[in-house]
Amino acid sequence: MNGQQLPLWWPRAKMPLPWNQFWIILVLQFSDSLVFKTLSPFTPHLIRDIGVTHRDETQVGYYDGILHSSYYVAQTLTILYWSQLSDHIGRKPLILMASFAIASTMLSFGLSRTFLSLLVSRIICRAFNGENGVVKNLLMDITDTTNLPEAYGYLPISFMLAAIMGPLAGGSLFQPADRFPEIFGHSELLKTFPYLLSCAVPVICTSITWLVTYFCLKESVSTWTPLLDLIKQWFLPQSREKPSMTSSNVLTDYEEADLEKISPTPLPLRAVLTRRVLTVAASNGTLILFHIAVNSILPIYYATSIELGSLSLDPPHIGAIFAISAFVGHTFQILLYARLHNHFGAYTVLMTSLVSGIPVVILFLVINALARAHGMDWVVWLAIFIQHMLMAVLDMSYSSIASFIRASAPNHASIGATNGIIQLAARGARIIGPACGGAVFSYSIHDSGDAWLAYYLFMTMGFLAIGTSWFLPQNPHLWEEVI
């Protein structure tokens, strides 16, 4: 405009995705998701096998919820620290440490023979694994507001592959010496540790991911402080004036983008605690609370008997359901999310996704009623398919809320701290969700007088998520324009 400054509402040219680094993010997301997806099909059977429930099927949900929640307790205590630290020392060192933690603790999980050792493995895995939050910071570093929706449109590729490979590996490779005696029947190792082969799949994949990250990933933080200097700053206040070093191996694709938002140093944590950040934290936290509570009982619901209100499915069938659901659901999101976002906006897609979660809960009751009446007939499988399609719509809420997370950051240099605060609330929800969902579900099937109690709870969580998201702006760009 002849040298004049463009108005804030002026449409910006869309920046292309930096594929030379974005593909590494896809690999990282795949390895992180693979762990949970691999464990889901066989965890209820593992809990039964180790004897902690004393053959009481109604207790499986309690211990499964404890196992999942402990994983997120450790993450809740460390997520803010890792996210903030990544603003100072960079993303790459923490991602490398996280990949090592995943590989080593999954190996120990497969070698565990008591519930306590399972619990310790999961806690250590998440305590030293800040990958999920740091990778989100990395993604926001290498994208801007014009191509972030496109990036989130591609992320389901990683989740889809993990959701296909994980359940198939977990559901097919457990107890290999008994199920495939002609191949593994002579292995004393696999007889002693019947779940080791399933756990070996994420161990191998994560080890490969570590090598890819080490040799291919470039540091995305343009200014960083060596860890030794950072420690000195904590103990010697006078050293805080020392200027940060500039990385010689940083990304330059977006050095000229959003210059008005780039600050030379991260803001203090108190300055990041704005109303916008807290609003997004509440919305994201209640969304995850609802989503993970429902997701955490799915394998328990499928594995529990029809007489107790579920479906009586074995691990191969459970793994197949999750794999097919992942393929269909993530393909749906890959093909449609970016188009829906561009046409309707992040807010409309978010609210629609959350509303779709209500019939998901109702279908638990419908599926069991159909199974009681007709057995595992095609009508039951159709209802399961509809439920998982609605869950695919619900999954789009994560991609939609990412735009609000980025927009809520006070400046570009504080993206890590902002995401850390929001992820802290999210991890609190991940603690409450599985423990509460699993415990209430187990109680409801144990006491027939409160058979629907779990579903009343899930409906309440769903409406709470819808209510908190109501306070977000219609367009996340409105927040970015006032910075």
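Biologist: Is F100 buried or exposed?
Modeller: F100 counts as exposed, because its relative accessibility is 57%. Buried means under 20% relative accessible area, exposed means over 50%, and partly exposed is in between, using a 1.4 Å probe and protein chains only. This is a predicted model, where local features need pLDDT of at least 70, side-chain atom pairs count only at pLDDT 80 or more, and totals for chains, interfaces and linings use all residues. Residues are numbered from 1 along each chain as its sequence is written, and side-chain values use heavy atoms, with hydrogens and water left out.

Biologist: Where is F100 found?
Modeller: In helix α4, residues 92–110. Helices (H or I, at least four residues) and strands (E, at least two) are DSSP runs, numbered from the N terminus. F100 and T209 are 109 residues apart in sequence, with 9.5 Å between their C-alpha atoms.

Biologist: How many helices and strands are there in the protein?
Modeller: 22 helices and 2 strands. Of the protein's 483 residues, 56% count as buried.

Biologist: And the contacts? What share join residues at least 24 apart?
Modeller: 82%, among contacts between residues at least 6 apart in sequence. Contact means heavy atoms within 4.5 Å.

Biologist: What is Y72 in contact with?
Modeller: F36, I292, R427, R430, I431 and P434, leaving aside neighbours within four places in sequence. The C-alpha atoms of Y72 and I432 are separated by 9.0 Å, and these two residues are 360 apart along the chain.

Biologist: Now the cores. How many residues has the largest nonpolar core?
Modeller: The largest has 82. A nonpolar core is a set of buried Ala, Val, Leu, Ile, Met, Phe, Trp, Tyr and Cys residues joined through side-chain atoms within 4.5 Å. Y302, L311, F404 and F458 have the most contacts inside this core.

Biologist: Which helix gives the most to this core?
Modeller: Helix α15, residues 275–303, with 16 residues.

Biologist: What does F404 touch?
Modeller: V280, A346, Y347, L350, L472, P473, P476 and W479, not counting residues up to four places away in sequence. Another core, of 27 residues, lies apart from the largest one, and includes L26, L155, V212 and L217.

Biologist: On to helix packing. At what angle do α17 and α21 cross?
Modeller: Roughly 165 degrees, and their axes come within 9 Å. Helix α17 is residues 346–355 and helix α21 is residues 453–469. Axes are lines fitted to C-alpha atoms, for helices over the stretch in contact, and angles run from 0 to 180 degrees between N-to-C directions. That crossing makes α17 roughly antiparallel to α21. Angles under 35 degrees count as roughly parallel, over 145 as roughly antiparallel, 65 to 115 as roughly perpendicular and the rest as oblique.

Biologist: Which residues meet there?
Modeller: From α17, Y347, L350, M351, L354 and V355 meet A465, I466 and S469 of α21. That contact divides into 7 nonpolar, 1 polar and no charged residues. Ala, Val, Leu, Ile, Met, Phe, Trp, Tyr, Cys and Pro count as nonpolar, Asp, Glu, Lys and Arg as charged, and the others, Gly among them, as polar.

Biologist: How about α19 and α20: at what angle do they pack?
Modeller: About 130 degrees, with axes 9 Å apart. Therefore α19 and α20 are oblique to each other. I405, R406 and S408 of α19 and I415, T418, N419 and I422 of α20 make the contact. Here the residues divide into 3 nonpolar, 3 polar and 1 charged.

Biologist: Last topic, the backbone. What is the phi of S312?
Modeller: Near 60 degrees, a positive value in a residue other than glycine. Most residues other than glycine have a negative phi. S312 lies in the loop between α15 and α16. Q175 also has a positive phi, about 45 degrees, although it is not a glycine. Q175 lies in the loop between α8 and α9.
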